[in-house]
Amino acid sequence: MLRLDSNLQDRQREQRLVGARAIVAGVLVLAALSVVLVRLVHLQITDHEHFSTLSQDNRVKLQPVPPSRGLIYDAHGALLADNHPSFSLEITVEKVDDLPGTIAALAQIVRLDDKDRERFDRLKAQRVRFQGVPLRLNLTPEEVARFSLDSYRFPGVDVRAELIRTYPLGALTAHVLGYVGRINEQEMGRIDASDYAGTHFIGKGGVEKAHEGLLHGQAGYQQVEVNAHGRVLRTLESKPPVAGRDLHLYLDLGLQRAAAAALGDHRGAVVAIDPRTGGVLALVSNPSFDPNPFVEGIGAQEYHALLYAPDKPLFNRAVRGQYPPGSTVKPFVGLAGLAEGVIDSHKVKYCSGAYRLPGQSHSYRCWRHGGHGGVALEAALVQSCDVYFYDLAHELGIERLKNFLGEFGFGARTGIDLAGELGGLVPSKEWKERVRKQLWFPGETLIVGIGQGAFLATPLQLAVATATMANHGHFFQPRVARAAQVPGAPRAEDLPVVSHLIDAGNPQRWEQVIHAMTQVVESPRGTAKGIRSRDYRIAGKTGTAQVFTLGRNQAYNAARLAEKMRDHALFIAFAPADDPRIAVAVIVENGGHGGTVAAPVARKVMDAYLGGSTLIAEPEAADGD
Amino acid sequence: MAIRPGSAGAQRLDDPSQSGLLMRLHIDAPLLVGLLLLCAFGLVVLFSATDQDAGAVERQLVRLTLAFGLMFAVAQVHPYQLRRWSLPLYALGVLMLVATLLIGDVGKGAQRWLDLGVLRFQPSEMLKLAVPMTVAWVLADRSLPPRLGRVLAATVLILIPVVLIAKQPDLGTAILVAAAGVTVLFIGGLSWRVILLVGAAAAALAPLLWYRLHDYQRQRVLTFLDPSSDPLGTGYHIIQSQIAIGSGGLHGKGWLLGTQSHLEFLPEHHTDFIFAVIGEEFGLTGILVLLALYVFIIYRGLSIAVDAPDTYGKVLAGGLSLVFFVYVFVNTGMVTGLLPVVGVPLPLISYGGTSMVTLMVGFGMLMAIQTHRK
């Protein structure tokens, strides 16, 4: 009985104990769940807005839709820059865990060579975060299909269809159009990121860079619902992109071909301008390069080969080559003399073969040792007498000379719609004191008068000045693009024209200089008589730019000098002289004499444009300057 | 329900409507209703969480049916038999754990599976039941509260499998197995002094444990403390599940309309993180319903413990009920960002069969304790 009692007591104590513990456990359970509930209230009520936004951001992605880049046509509608669809394999590096492994696995599916890997590594280094980096370009349809089957194995790897710029004429138009290339980090800072979202390419030179704004267009966007892997499930909202404007150039492809052919293997440049509009008809810099490899990123080796090639094919001589213009400036200096009233066309100066400034012993030589005797402006231009222009420059003074030449575009960028243009240099007292920290010597004015010394001009500047002369002083800012057309629009819109008039006083003075320039070609004593044409009259001027300064008593012997030391041959011309439709500037580097080497090039260009056919007379031995 | 202070609770079943058929079938009606409601809710959520994969829901339904069958089968076993089988089951489980460590399959970098030819078996699941049974067996030998010697013996019996499981390494299961043993001790009247002492010692030893952790385990704890430190790696789970729950708000986005789970931002959305799907689609309201169901089941389990006729039944029923709560708390705490991420499924809701079977066998034991009165 006792034992039963104790047993019963035990059981009752146990009952109370377990009951108490169950209550404590129940309280603990409720307390713990309260903590969870407080947390849930915090997440779902207090911070609900915040998490709603995050969830929405997760789900909805704003995808940029890049616009298609405007096409570029020549004056007759020939396509110069095209877009062609291409499939590329892109890796978003940030989304891939094992990059080498992924690439190795991809190499089993698509062909990958060292160049692809090298380009990938290079582009990877300059990528923008979370933007795809192309591993392979121009996938074949079979490769696209093979990858699509296996794409689940490659998160972060996508096939992208994009429009790739191509330049069907390659090297022929490279220096005019420039090229597009992948946007680099530096350019990223300059552009409006939202407008370029989704765009991988940007103009890197030439027309492509200068007209980037017109060609690029405006990015559109689409709001898409995506899953965690970034796969698009549906489009919620979209705004289509605005395609870039097509550009119609003044450039005449036929003429461009003719100019390139006329220059042949010579290093040099040809710029042809329509004087009536300022439109660039042809712009050739030789040698040139194929811009197409640059679009997707040229290999380092190929790039270095181009960059360090002795003939510098990447160098755009037409707009960046700065040469002493030599005697080609004489028509402009002569006109300055007339306009400033320092001379009239009948004023005769005596050339003894050398010129001395009053009170100085140094003599400035004329190219003809015996001298030209008494010459007025026309004869001085036709025979390119240096002494005449020494004296004229001296009388004008450097300031008046510089200002008048500046009206023609010398000494400053012309503002052409080609990226990278340089401005040349017309020296002055102010320039010399500022840059060289030296005083101006009167003798330097003389040298400027014959286009030598520190005087530098680009072939483009020479062509612009020549066109302005042909126009009787109506200066047009040179332009490559004539009009821009919204794709699908019925008409192209002309791009704005900038022009000004040069006042030379009496309009007769233009005629006097132009007549003299025709005599350079027409006269039997003219320095470019070899290119005389029976079909139209040419007004021109030869020039020779010294590369190598001769000692006082040395004679110039072209044959003896190494080729690179030879003078540059220059020629400027426009035609027909009485109704000019084309103005041309030609420079042949180390070509020697302007009349012999450069003038025939110009004649061929003008023939191609004006339809001339006469044979060019065999140039005689270098005579005159 | 009142906890009756009177003698052992057979009399509460004197009501003839309550006894009778269900009693003879050894089914506890309140527990069954609670479990059925919970599982039905789970299937509805699962349909959404698996992206309306009827096949997956069907497979889960088959598993549930089997698990319920197993529960009924276990319910037929008299607690006396359970008590007898406690130690042998425990010994078998520990042996298999050792075997797993020696020859087990390496799944997800941890040896958890024992391949028995026809079926792959996770011995640690068995121990989730064998450990509380064994601890209950140790305690039931004498009347409660246990003396220190028995507590120590129980502790050793708990620690052996816990250490073995932690070695696999499977920290989550190790903690749950430990909890299954400790809750039995707690219900059995482990003295508060010991509880405080062990708590203090654990706090002091925590830094030591830190150095014993594997890198990925340490990473989980670090990420738990600051999920944004690794938003694309381990922190991703936590961030995305909080976004899912938070964006659900009070009423949720609606069934099948949760973007976080359907667009796959939420990882493991039909297994360990299914709680976040509930939070996203049904909002706080839905979660309250779910938690109410859990609370009801735990409450029913605790009252079975209180009413149980013998010591073994009391402590085992109490321990099983409480460890069920530990599952709920660890999972919800992990998904809401209160606790570090350990792979613990949401009981009876998450897709998968392993933990479901263990849990339902446990509920079968509860029913057995409640319905076998002699």
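**How the chains and domains meet**

Guide: Let's start with the contact between the chains, which takes 55 residues from chain B and 41 residues from chain A. Bear in mind that this is a predicted model, where local features need pLDDT of at least 70, side-chain atom pairs count only at pLDDT 80 or more, and totals for chains, interfaces and linings use all residues. As for bookkeeping, residues are numbered from 1 along each chain as its sequence is written, chains are lettered from A and ligands numbered from 1 in the order in which they are written, and side-chain values use heavy atoms, with hydrogens and water left out.

Visitor: What makes a residue count in that contact?
Guide: Contact means heavy atoms within 4.5 Å, and 55 residues of chain B and 41 residues of chain A are counted on that basis.

Visitor: How much area do chain B and chain A bury between them?
Guide: About 4000 Å², with 69% of it on carbon and sulfur atoms. Buried area is the accessible area (1.4 Å probe) that two parts lose on being put together, summed over both. On the chain B side, Leu263(B), Phe265(B) and Leu284(B) supply 13% of the area buried against chain A, more than any other three residues.

Visitor: Which elements of chain B give two or more residues to the side that touches chain A?
Guide: They are α7 (171-187), α8 (192-212), α10 (235-248), α11 (259-262), α12 and α13 (311-335) of chain B. The largest share, 12 residues, comes from α12(B). These are called helices because they are DSSP runs (H or I, at least four residues; strands are E, at least two), numbered from the N terminus.

Visitor: What is the make-up of that side of chain B by class?
Guide: It has 31 nonpolar, 19 polar and 5 charged residues. Ala, Val, Leu, Ile, Met, Phe, Trp, Tyr, Cys and Pro count as nonpolar, Asp, Glu, Lys and Arg as charged, and the others, Gly among them, as polar.

Visitor: How many salt bridges does the rule find across the interface of chain B and chain A?
Guide: The rule finds 0.

Visitor: What about the domains of chain B?
Guide: Chain B is divided into domain 1 (27-76 + 213-374) and domain 2 (88-212), with bounds from an automatic or database domain assignment. Their C-alpha centres lie 21 Å apart. The area buried between domain 1 and domain 2 of chain B is about 2400 Å², of which carbon and sulfur atoms give 77%. Leu213(B), Tyr312(B) and Val315(B) supply 24% of the area that domain 1 of chain B buries against domain 2 of chain B, more than any other three residues.

Visitor: And where do the domains of chain A lie?
Guide: The C-alpha centres of domain 1 and domain 2 of chain A are 48 Å apart, and the area buried between these two domains is about 470 Å².

Visitor: Where in chain B is confidence lowest, and where is it highest?
Guide: Confidence is lowest in strand β1 (residues 105-107) of chain B, at a mean of 55, and highest in helix α12 (residues 274-307) of chain B, at 95. The scale, pLDDT, is the predictor's confidence in each residue, from 0 to 100. Over residues 1-14 of chain B, pLDDT stays under 50. Where pLDDT is low, the predicted coordinates should not be read in detail.

Note on methods: Salt bridge = Lys/Arg side-chain N within 4 Å of Asp/Glu carboxyl O.
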